[in-house]
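Open the model in your viewer and keep the selection tool at hand. Each stop below names what to select and what is there.

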Amino acid sequence: VTASGKTDRRALPAPEVHPEAEYVAPGTPTEEALAEIWAEVLGVDKVGVTDDFFHLGGDSIVSIRTVARIRARLKVSIPPRALFDSPTIAGLAVEVDGALSTGSEVDAIPRSDGTGALPLSFAQQRLWFLEEFTPGSVEYNTALAYRLSGTLDLDVLRGALAALVLRHEALRTTFAEVDGQSVQVIHPHLEPDFRVVEVADLLVDTSAGGGDATAVLLRSEMSTPFDLRTGPLFRALVVREATHQHVLVLTMHHIVTDGWSEAVILRDLGVLYDRGLGLVTEELPEPPVRYVDWAVWQQRN
């Protein structure tokens, strides 16, 4: 940086330009299957066996999705770390073939009957421990904020959110201890916390440089803790800034969501809202695997 703290662009080295790698076609059934999976999850036309997963746009969230696709299609279980260690089709195919040769084939995750004490996944156990250790923490709050322009039907949105919670059990799950064991409690019905706030009605002090009234309100929403024992662990806030200008904030605890799930929630909410308006008639397909199915399978394996 310069003496004034700005970036000293003249001191930066010249950027290195790497020529595009030559395309090398898959040569084995495993490589062909992996190339098709990568093309699907990365949204590219074709993938060569020497192409780097992360150079093509992959990240940690996409890597989890990729491993799940590999598991479903090739019936083999490999850890997400495998993509970081072997970020090319050629390298990953060796990992997959090696797992298959040692009898690491897996069956589809069975659907649990949802009765009895329902265990937490390993990730949920960690978050439950941290919450018990420091109750009321907001460190694991996750919030999604979307600016909406145009007409917003609040009654339809409320109905879409209720349908979303009904569709995804994780959004109507709370947590408890039974005989010293942490368990999931899936409620048959849990009304989402839904609020609508008019910016014009707010008495917010913005003189401290913390942004406008909406920004102050969003920070307050994201810093409000959840109670994992009572729930709900999903809430929605609509900030009406003007007749046709709103901000929708969806806040959840990380114990019931992750980066992959957030995309699913947004997609499903959009379909449910459109259906409420009568714009679409399609029914969302039943989720093939529920999170509790994964947790039960994980604990048994």
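**Ground rules**

This is a predicted model: local features need pLDDT of at least 70, side-chain atom pairs count only at pLDDT 80 or more, and totals for chains, interfaces and linings use all residues. Residues are numbered from 1 along each chain as its sequence is written, and side-chain values use heavy atoms, leaving out hydrogens and water.

**Stop 1: the whole chain**

Select everything. The C-alpha trace of the protein chain spans about 65 × 65 × 45 Å along its principal axes. Its secondary structure comes to 9 helices and 6 strands. Helices (H or I, at least four residues) and strands (E, at least two) are DSSP runs, numbered from the N terminus.

Of the 301 residues, 37% count as buried. Buried means under 20% relative accessible area, exposed over 50%, and partly exposed in between, with a 1.4 Å probe and protein chains only. Among contacts with a separation of 6 or more, residues 24 or more positions apart account for 67%. Contact means heavy atoms within 4.5 Å.

Now colour by pLDDT, the predictor's confidence in each residue, from 0 to 100. The chain mean is 86, and 92% of the residues reach 70 or more. Where pLDDT is low, the predicted coordinates should not be read in detail.

**Stop 2: the four-stranded sheet**

Select β1, β4, β5 and β6. They form an open sheet in the order β1-β6-β5-β4, with mixed pairing. Which strands stand at the edges? They are β1 (141-149) and β4 (193-198); each has a single partner strand, so one side of each is left without a neighbour in the sheet. On average, neighbouring strands of this sheet are turned by 15° against each other, direction ignored.

Zoom in on β4 and β5 (residues 234-242). The two pair in the parallel sense over 6 bridges. Pairing requires at least two DSSP bridges between two strands. Pick Asp193: its bridge partner in β5 is Arg235.

**Stop 3**

Axes are lines fitted to C-alpha atoms, for helices over the stretch in contact, and angles run from 0 to 180 degrees between N-to-C directions.

Next, α7 (residues 213-222). Helix α7 lies across β1, β4, β5 and β6, at about 175° to β5. Show its buried residues: Ala213, Thr214, Leu217, Leu218 and Glu221. They cover an arc of only 130° around the axis, which puts them on the same side of α7. The arc is that of the directions from the helix axis to the C-beta atoms. An α-helix has 3.6 residues a turn, so residues three or four places apart point the same way. What covers these buried residues includes β1, β4, β5 and β6.

**Stop 4: His246**

Pick His246, in strand β6. Is this side chain's residue buried or exposed? His246 is buried, with a relative accessible area of 0%. Leaving aside neighbours within four places in sequence, its contacts include Tyr146, Leu148, Val238 and Arg240. The side chains of His246 and Arg240 are joined by a polar contact of 3.5 Å. A polar contact is a pair of N or O atoms within 3.5 Å; within protein, one must be able to donate a hydrogen and the other to accept it, and residues adjacent in sequence count only if both atoms are side-chain atoms.

**Stop 5: the hairpin**

Select β2 (residues 173-178) and β3. The strands run antiparallel, joined by 6 bridges. They form a hairpin with 2 residues between them, and Asp179 in the turn has a positive phi of about 55°. Glu177 stands opposite Ser182 in β3.

Stay on β3 (residues 181-186) and pick Gln184. Gln184 counts as buried, at 6% relative accessibility. A polar atom of its side chain lies 2.8 Å from the backbone oxygen of Pro119. Beyond four places in sequence, Gln184 touches residues including Leu118, Gln124, Phe175 and Ala295.

Move to Ile186, also in β3. Ile186 is partly exposed, at 24%. Among the residues it touches are Leu118, Glu169 and Val292.

**Last stop: Gly27**

Select Gly27, in the segment before α1 (29-42). Gly27 counts as exposed, at 63% relative accessibility.
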